[in-house]
Structures are given as C-alpha cells and as structure tokens.
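This report describes pockets, a nonpolar core and selected residues of one protein model. Please consult the sequence and structure shown below while reading.

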Amino acid sequence: MVKYLAIIPARKNSKRIKNKNLKKIKRRTLFHHTLDAAKRVRNISKIVVSTDIKKLLKKDTKKIIYIKRPKKLSKDSSTTESAISHSLKHLKE
C-alpha cells in the first residue's frame with residue numbers, strides 16, 4: 001500500500017475571515033474538521049500541521065507532527081507553497 005504525507009497549513013490571520021481555522025462549525029473548529037478528515041484516510045501515514053496559532057501547537061504524536069510556522073511565512077503575501085516547503089525542510093532535518 002502506498003503511504004502519503006498530509007500537510008495542513010493553518011494560518012492565524014486569514015485575509016477574508018478572521019481566525020477562520022478556529023471558527024466553530026457543528027461544535028468543532030474548522031481546523032479540527034480538516035484534521036479529522038485527514039485522520040480518516042487510510043493511506044496517510046503522517047500528518048503535518050504548519051501553523052502560527054498557539055492554540056493548535058501541540059506535542060507531536062505518532063501520526064501528527066506540529067510545526068511552528070515563522071512570521072515571515074504567516075503574512076498575507078505568504079503562499080501556501082512556502083509553508084509546505086518549510087514543512088518539508090523541517091521534516092528532512
């Protein structure tokens with residue numbers, strides 16, 4: 001079976017919806033809905049969360065790795081690709 005890596009970018013200050021990743025939908029945050037969906041995919045062996053939200057930064061678990069995203073990658077002008085690249089470099093180290 002092929003194994004995959006999921007990277008979930010979760011930035012604090014969204015351009016359009018302030019703190020959208022912490023907004024609750026059916027009593028769960030948008031971030032947790034995304035995380036739960038990734039956990040349900042059998043072929044995903046690791047989940048990486050790249051975030052600048054302190055509430056979301058937790059200790060790494062067997063399947064989930066939390067990476068603190070630097071401020072330079074958390075701006076409105078920052079791209080998702082730059083956050084993904086940062087996550088992959090972090091994992092290589």
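## Largest pocket

Strand β1 provides the largest share of the lining of the largest pocket, 3 residues. The model is predicted: local features need pLDDT of at least 70, side-chain atom pairs count only at pLDDT 80 or more, and totals for chains, interfaces and linings use all residues. Residues are numbered from 1 along each chain as its sequence is written, and side-chain values use heavy atoms, with hydrogens and water left out. Helices (H or I, at least four residues) and strands (E, at least two) are DSSP runs, numbered from the N terminus.

At least two lining residues each come from β1, α1 and α2 (80-92). The lining comprises 20 residues, of which P9, R11, S14, K20 and T80 lie nearest the centre of the pocket. A pocket is an open set of points on a 1 Å grid over the protein atoms alone, where a 1.4 Å probe fits, with protein on both sides within 12 Å along at least five of seven lines; lining residues have an atom within 4 Å of a point. The volume of the largest pocket is about 410 Å³, volume being the space filled by probe spheres set on the points, which are joined across faces, edges and corners. Its lining divides into 7 nonpolar, 6 polar and 7 charged residues; here Ala, Val, Leu, Ile, Met, Phe, Trp, Tyr, Cys and Pro count as nonpolar, Asp, Glu, Lys and Arg as charged, and the others, Gly among them, as polar.

## S14

S14 lies in the loop between β1 and β2 (24-25). S14 counts as buried because its relative accessibility is 19%, the limit for buried being under 20% relative accessible area (1.4 Å probe, protein chains only). A polar atom of the S14 side chain is 3.5 Å from the backbone nitrogen of R16.

## Second largest pocket

The second largest pocket has a volume of about 220 Å³. Its lining consists of K12, N13, D52, K54, K68, R69, P70, K71 and S74, which divide into 1 nonpolar, 2 polar and 6 charged residues.

In the largest nonpolar core, of 13 residues, I8, F31, L35, I47, V49 and I64 touch the most other members. Two or more core residues come from each of β1 (4-10), α1 (30-40), β4 (44-51) and β5 (64-68). Such a core is a set of buried Ala, Val, Leu, Ile, Met, Phe, Trp, Tyr and Cys residues joined through side-chain atoms within 4.5 Å.

T29 belongs to strand β3 (residues 28-29) and is buried because its relative accessibility is 11%.

Terms used:
Buried < 20%, exposed > 50% of the residue type's maximum accessible area, 1.4 Å probe, protein only. Polar contact = N/O pair within 3.5 Å; in protein donor to acceptor, adjacent residues only side chain to side chain.
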